[in-house]
Amino acid sequence: MPLQTTLLAIALAASNTPSIPAPPPDADWWPTDLPARVVTPLEETPAEHDARMAWWREARFGMFIHWGLYAIPGGYWEGRRTGGAEWILNTVKIHPDDYMALQSQFDPVDFDATEWAIIAKNAGMRYLVLTSKHHDGFCLWPSDFTTFDVEGTPFERDILGELVEACRAEGVVPCLYHSIMDWTHPDYLPRRAWDDRPGGDHDRYVEHLHRQLEELIERYGPGVLWFDGEWEGSWTHADGQRTYDLIRRIDPRIIVNNRVDTGRTGMAGLTRAGGYRGDFGTPEQEIPANGLPEGVDWETCMTMNRSWGYQSFDLAYKTTSDLVRKLVDIASKGGNFLLNVGPDERGRFPLQAKERLAGVGRWMSVNDDSIHGTRASPFPTLDWGRCTRSSLPDGGERLYLHVFDRPEDGVLRLPGLLTRPMHDAANLLAAPAAGRLRVERDGADLTIELPADAMVDPIDTVVILDLVAPALVVEGPRIAMASGIFIDPFTITIESPDPTVQIRSTTDGSDPTFELGVDAARIEIDRTTTLRTRCFHEGEPVGAVVERRFERVKPIGSVQPFVIRDGLAWRTFLGEFERVSDFAGAATEAEGVVATVDLSMQPRDENFAVTFTGFIEIPATGVWAFALDSDDGSTLRIHESVVVDNDGLHSALEKSGTIALEAGLHPIRIDYFEGTGQDDLILKWSSPGSDTFMRIPTERFKR
Ligand code: H79
């Protein structure tokens with residue numbers, strides 16, 4: 001089709017495809033009033049963005065389904081237990097032709113879309129993400145653009161279509177996972193090393209991907225498109241941008257994960273700064289720690305056992321209690337939980353998965369109000385559990401207090417919660433009428449008495465506390481600066497978390513009191529100082545004392561080497577190293593010169609080390625910060641002192657440190673080693689006063 005006809009076809013399809021279906025009668029959270037006009041993401045206003053994300057943010061809980069040809073081998077190949085699940089082609093290095101032969105065996109006679117949708121709904125899940133295509137390239141719908149699809153199997157039926165329809169009937173939003181990486185498509189690059197088929201053309205592959213996405217969106221109207229496998233070098237930021245924009249042009253309501261683009265930060269999954277496309281971050285198999293910025297959308301995806309695809313021998317299932325608490329933990333941090341099931345080759349959910357989903361469903365049937373439509377906790381941590389919250393119609397706020405471990409004295413403490421409770425009692429969500437739990441103020445804290453017999457659910461008993469206004473929790477003053485070293489005197493700003501809260505500080509090491517502390521939002525620091533600061537409410541101390549230490553230092557003088565040339569000298573070493581000190585005395589394997597800190601000289605994939613030596617040219621006197629991102633260990637020394645210690649065996653990890661330097665040349669040394677697995681080494685710096693790390697320009701390295 002010529003380009004213009006294609007565009008016209010897309011525009012027509014977009015205007016008359018109601019891709020998100022009519023709401024089930026009782027679902028008031030279903031998206032109905034979203035703009036049908038065509039917008040690009042850059043034209044979307046914040047209000048339009050919020051409207052588009054609303055159903056997903058409210059949903060909080062969804063089901064992931066990994067299903068495809070890999071369910072047939074199920075982690076066994078040629079009679080051997082190889083593991084690998086949905087990665088088996090890659091794990092066992094199976095030739096694509098041999099893998100594709102599985103297509104003639106795919107006949108999941110027990111597949112029942114309605115049963116799957118009902119299991120998800122009964123577990124309290126509001127959306128379902130099915131693998132339309134995983135990395136193996138097999139398509140679960142009859143695609144016009146490939147024969148490697150379900151239509152070419154003995155089963156023939158449109159699995160994706162059946163599940164989408166069943167989801168709609170049950171009030172579950174149907175969504176699709178679609179892999180960018182594709183090990184069997186003749187045009188996908190890079191090829192696996194054992195794939196000897198000729199050809200491959202990245203642009204043609206992207207074209208193919210786009211045609212399939214149009215087909216999926218127009219036929220099935222997914223609520224979310226969930227990409228993956230974007231990390232191989234062939235997929236670029238421009239590809240991500242084009243793909244995202246294409247999707248949003250066809251249907252502006254669709255929500256797209258951040259793996260569509262190249263801005264994902266490893267398995268932690270959030271999107272780095274820099275204008276990358278994607279509507280939500282995707283932590284994989286992990287739950288972020290506290291302290292995520294508000295307004296960032298994210299979803300933790302996780303397996304119930306250890307595998308995404310089906311493997312009969314993987315019996316390491318998480319307990320129901322663990323799964324409920326993970327859901328609550330995620331909701332308390334403002335995220336979504338996408339919990340995976342890997343159905344077997346006949347189309348059955350594993351029994352253990354069904355049991356756990358039913359268990360989570362039992363808890364949700366009583367406590368779903370404490371999950372759906374809630375927002376993140378106002379408390380950084382709570383000793384006994386978690387908190388979620390939602391707004392009340394009259395301007396008040398409802399806190400859902402999730403008690404995992406009832407304190408021995410039965411007192412639930414809400415530290416620093418200054419807001420007035422609406423009533424002098426809290427209630428159990430499970431039995432609102434029965435429970436009257438006494439609420440009292442204790443200084444800045446509120447306390448709730450929870451008798452032992454009120455702990456009605458050992459997994460998580462939810463207590464409701466209504467407040468007259470949104471929760472104001474005072475922890476400590478906000479200091480716009482970490483501890484550290486400085487050269488010249490500077491002023492520090494201290495912010496109060498609320499106008500009703502006053503700040504008191506000391507610089508002599510004593511505890512600030514309301515009467516004796518210094519009442520100042522800005523404090524001049526001109527010598528080595530320990531700053532202690534605290535919040536007060538109506539004269540009473542609130543929250544913890546926050547302490548910062550600032551050390552005044554002299555910048556280290558520069559050196560003048562005899563000869564100056566560009567680049568750094570490197571030496572490599574071979575061996576199984578676990579720490580930087582392990583190769584200190586080792587024999588040099590090779591040596592040379594390199595323009596910047598990279599691994600271009602690496603002698604092999606595993607078990608080697610590199611040392612870089614030379615000088616770094618510092619443009620201006622001041623406190624410079626350096627960061628080393630490495631997998632495995634690394635250290636940075638300047639003038640023989642360790643500035644960044646990122647030593648030890650670990651996966652990609654960034655560590656940083658600071659040093660005061662005069663303008664000019666300074667001796668520098670980076671030690672790095674790689675054990676097994678991934679390798680990576682990046683050195684960055686941050687100039688005085690800046691708080692972002694950047695790559696160091698090549699011309700700053702000398703020898
Ligand atoms: O579909 C499931 C898995 O098959 C798939 N994602 C989930 C949802 C998956 N593919 N790979 N992995 C999981 C693990 C791979 C991690 C790595 Fe990486 C890829 C390590 C290095 C390249 C992630 C991306 C961390 C850095 C870049």
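The questions and answers below go through a predicted model of a protein.

User: What is the mean pLDDT of the protein?
Analyst: The structure is a predicted model, and pLDDT is the predictor's confidence in each residue. A share of 94% of the residues reach 70 or more. The mean pLDDT of the protein is 92.

User: Over which residues does pLDDT stay under 50, where the model has twelve contacts beyond four places in sequence?
Analyst: One stretch with pLDDT under 50 is residues 1-25, but for that stretch the model has 26 contacts beyond four places in sequence. The stretch with twelve such contacts is residues 34-39.

User: How many Å separate the centres of domain 2 and domain 4?
Analyst: The domain assignment places domain 2 at 385-467 and domain 4 at 568-702. It also gives domain 1 as 3-11 + 45-365 and domain 3 as 478-552. Taken over C-alpha atoms, the distance between the centres of domain 2 and domain 4 is 51 Å.

User: How many aromatic pairs does a search of the whole structure find?
Analyst: Some rings are linked by such pairs into a cluster, with Trp-67, Phe-106, Phe-111 and Trp-116 among its members. Phe-138, Phe-148, Phe-155 and Phe-349 also belong to the cluster. For the whole structure, the number of aromatic pairs is 27.

User: Is the aromatic pair of Phe-573 and Phe-583 stacked, edge-to-face or tilted?
Analyst: A pair of aromatic rings is described by the distance of the centres and the angle of the planes. For Phe-573 and Phe-583 these are 5.4 Å and 35°. Stacked needs planes under 30 degrees apart and edge-to-face over 60, so the pair is tilted.

User: How many residues apart in sequence are the parts that the pair of Phe-573 and Phe-583 ties together?
Analyst: Phe-573 is in strand S24, residues 568-574, while Phe-583 is in the loop between S24 and strand S25 (590-594). Phe-573 is buried at 6% relative accessible area, and Phe-583 is buried at 2% relative accessibility. Because of these places in strand and loop, the pair ties together parts whose separation in sequence is ten residues.

User: Which residue has its charged end over the ring of Phe-313?
Analyst: Arg-504 lies over a ring face, but that ring belongs to Phe-514, at 4.2 Å from the ring centre. Over the ring of Phe-313, 4.2 Å from its centre, sits the charged end of Arg-81.

User: Is Asp-239 buried or exposed?
Analyst: Asp-239 is in helix H8, residues 237-250. Beyond its neighbours within four places in sequence, Asp-239 is in contact with His-202, Val-206 and Ser-234. Its relative accessibility is 6%, and under 20% counts as buried, so Asp-239 is buried.

Notes:
Residues numbered from 1 in each chain as written. Predicted model: local features only at pLDDT ≥ 70, side-chain atom pairs only at ≥ 80, totals over all residues. Heavy atoms only, no water. pLDDT = per-residue confidence, 0-100. Contact = heavy atoms within 4.5 Å. Domains from an automatic or database assignment. Phe/Tyr/Trp six-rings, centres within 6.5 Å; stacked < 30°, edge-to-face > 60°. Helix = DSSP H or I, 4+ residues; strand = E, 2+ residues; numbered from the N terminus. Buried < 20%, exposed > 50% of the residue type's maximum accessible area, 1.4 Å probe, protein only. Lys NZ or Arg CZ within 6 Å of the ring centre and 35° of its normal.
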